[in-house]
Amino acid sequence: MAEPMGFYTDTTVCIGCKACEVACKEWNQLPATNGGRNTMSGDSYDNTRRLDGMHWRHVKFIEQFSADRAEGRWLMMSDVCKHCVRAGCLEVCPTGAIVRTEFDTVVIQSDVCNGCRDCIAGCPFGVIDINPVSGTAQKCTLCYDRMRAGMEPACSKACPTDSINFGPIRELKQMAERRVGQLQTAGERRAYLYGADDKMLGGLNAFYLLVDKPEAYGLPPDPQLPSRNLNGSSLWSAIGAALIGIMGVISFRTRGRDDA
Amino acid sequence: MPSTFFTEAPHWRWLIVLYFFLGGIAGGCYFLAALIDLFGRMTDRPLARLGYRIAFPAVVVCGILLIVDLGRPERFWHMLLQSETWRPMFKSYSPMSFGAWGLLAFGFFALLSFVATFGPDDRRRRRVRLRPPGLLGVIVAILGGLSGFFLASYTGVLLAVTNRPIWSDTPLLGLVFVVSSASTSIALLLLLGPRRVFLIGGLRALQRFDVVVLVLELLSIIALVASLGSLARVWLNQWGALLAFGVVGVGIVVPLLLHRRAHAPTAAVVKAAALLVLLGGFLLRVVIVLSSESI
């Protein structure tokens with residue numbers, strides 16, 4: 001396997017230009033409009049609203065203002081598939097459409113997927129959805145085709161502030177830790193890395209530098225694998241089946257004379 | 001906010017609700033038929049035949065529902081065979097993959113028993129019969145009954161092995177589904193079972209079983225709500241009301257009262273109770289599936 005590759009996104013330098021969203025759509029030939037409909041969210045500069053089958057990059061605009069709007073700040077974050085080292089979507093996929101690549105990224109093979117949508121429910125981050133054009137589940141591929149050709153993914157290539165950094169995970173982690181140190185020294189005590197270590201799903205190959213709790217960015221504080229419930233749930237089902245079986249046998253075995 | 005609330009709904013809606021209900025009926029009716037064949041009396045065999053004749057058509061409809069629900073229905077076979085290599089596609093840790101094979105296995109046994117119901121019910125040719133008491137029939141009934149239990153319960157495990165609110169916040173959905181599958185299947189047999197004199201014993205046994213299963217269903221739903229802990233707050237809305245009044249009230253408590261009121265309930269009362277149990281079982285799937293979908 002080639003060296004694990006991924007994204008390190010420094011949200012403190014994101015300016016919300018959405019160049020990443022545009023570059024992603026352009027390279028991956030994703031429709032710019034949703035079936036010809038262009039709808040505005042009406043309450044934000046964010047009209048993409050969420051990641052789905054046709055939006056593989058989503059720049060979040062988080063507005064944090066006091067009631068009188070005297071104080072406030074914008075948090076911006078370009079969200080994307082986290083390419084988890086232990087991926088929930090890959091775990092549940094029943095067709096084998098979701099694979100781990102030689103770059104340690106997670107890719108949905110659109111020609112194999114049959115649109116069962118189990119991966120949508122299995123993803124701890126709400127990244128995947130059906131692309132209505134293909135009828136299959138789709139998400140960021142970390143530009144697998146570009147990586148195979150030795151190129152950088154379209155989004156990080158287009159990012160004008162280097163908020164999105166692409167490279168070997170090992171190098172990205174060193175870069176991110178240096179940046180956290182720099183921000184801490186400069187007085188931004190809230191800076192930390194989300195998903196950089198292996199405690200979160202074995203590590204996120206797309207990890208973030210954040211300056212607020214994960215929930216503020218719409219990220220789960222404690223993402224888990226779907227399989228955590230497999231044994232417990234199966235055991236309770238078996239207990240239920242055994243109880244029904246035993247009660248059924250008793251009901252048909254203990255019959256009085258009037259039951260003939 | 002719990003981490004499960006940061007996920008997206010998989011758009012499993014009415015087709016899946018219907019599949020969960022019919023899958024429960026198919027698996028449950030087969031189990032009851034096998035139970036009657038293995039432990040009942042000769043006079044009960046028409047009831048078992050009814051169970052087998054419900055199970056197979058129901059599982060065929062289940063397969064159709066699942067295929068239609070896919071984003072690419074023509075690729076349904078990708079669940080069973082790898083599209084590139086044609087090797088079997090099986091993941092023991094993916095309930096949907098396991099379920100696809102389970103559905104196929106159950107369909108196979110349900111077909112054998114379905115076909116067997118059309119032959120003469122002759123005990124002398126027991127070796128070649130696909131229904132008990134012949135050895136082959138016993139094997140088919142046991143394997144079919146086990147795969148029926150699987151079909152009735154894996155859907156709960158499937159929901160649990162996700163990251164969605166409610167579904168992945170309790171380990172008890174499979175338990176609730178398998179118990180509900182038994183209650184709805186008993187109800188369907190009581191509803192469709194002919195009330196002939198020689199069947200009275202078997203029907204009474206089914207009614208006794210029904211009462212015990214309904215009590216167990218009530219307890220398992222209470223346990224389900226308790227297992228959600230503070231998260232059960234998400235049901236303080238129309239879904240909670242449907243669960244309390246539709247599933248528990250109309251679907252369990254009223255039928256239990258109907259069974260208890262008369263020592264020997266009339267056919268009309270039994271059938272009314274059975275209808276309510278079926279309605280409650282369907283509403284249970286509606287609440288479980290759609291309440292999480294709406295978050």
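A: In this predicted model, helix 1 of chain B, residues 14-39, packs with helix 3 of chain B, residues 95-116. Their axes lie 11 Å apart and form an angle of about 45°. Angles under 35 degrees count as roughly parallel and those from 65 to 115 as roughly perpendicular, so helix 1 of chain B and helix 3 of chain B are oblique to each other. The crossing of helix 1 of chain B and helix 3 of chain B is left-handed.

The residues in contact can be listed by helix. Helix 1 of chain B brings Tyr19(B), Ala26(B), Gly27(B) and Tyr30(B) to the contact. Helix 3 of chain B meets them with Leu103(B), Phe106(B), Phe109(B), Ala110(B) and Ser113(B). By class, this contact between helix 1 of chain B and helix 3 of chain B holds 7 nonpolar and 2 polar residues, with no charged ones. Gly counts as polar in this scheme, and Gly27(B) in helix 1 of chain B is one of the residues in the contact.

For context, chain A has an open sheet of 4 strands in the order 8-1-10-9, with mixed pairing. Strand 8 (164-168) and strand 9 (192-194) of chain A are at its edges with a single partner strand each, so one side of each has no neighbour in the sheet. Strand 1 of chain A, residues 5-10, pairs with strand 8 of chain A in the antiparallel sense over 5 bridges. In strand 8 of chain A, Phe166(A) stands opposite Phe7(A).

Definitions and conventions. Residues are numbered from 1 along each chain as its sequence is written. Chains are lettered from A and ligands numbered from 1 in the order in which they are written. This is a predicted model: local features need pLDDT of at least 70, side-chain atom pairs count only at pLDDT 80 or more; totals for chains, interfaces and linings use all residues. Side-chain values use heavy atoms; hydrogens and water are left out. Two strands pair if DSSP finds at least two bridges between them. Helices (H or I, at least four residues) and strands (E, at least two) are DSSP runs, numbered from the N terminus. Axes are lines fitted to C-alpha atoms, for helices over the stretch in contact, and angles run from 0 to 180 degrees between N-to-C directions. Angles under 35 degrees count as roughly parallel, over 145 as roughly antiparallel, 65 to 115 as roughly perpendicular and the rest as oblique. A crossing is left-handed if the near helix is turned anticlockwise from the far one by less than a right angle, and right-handed if clockwise. Contact means heavy atoms within 4.5 Å.
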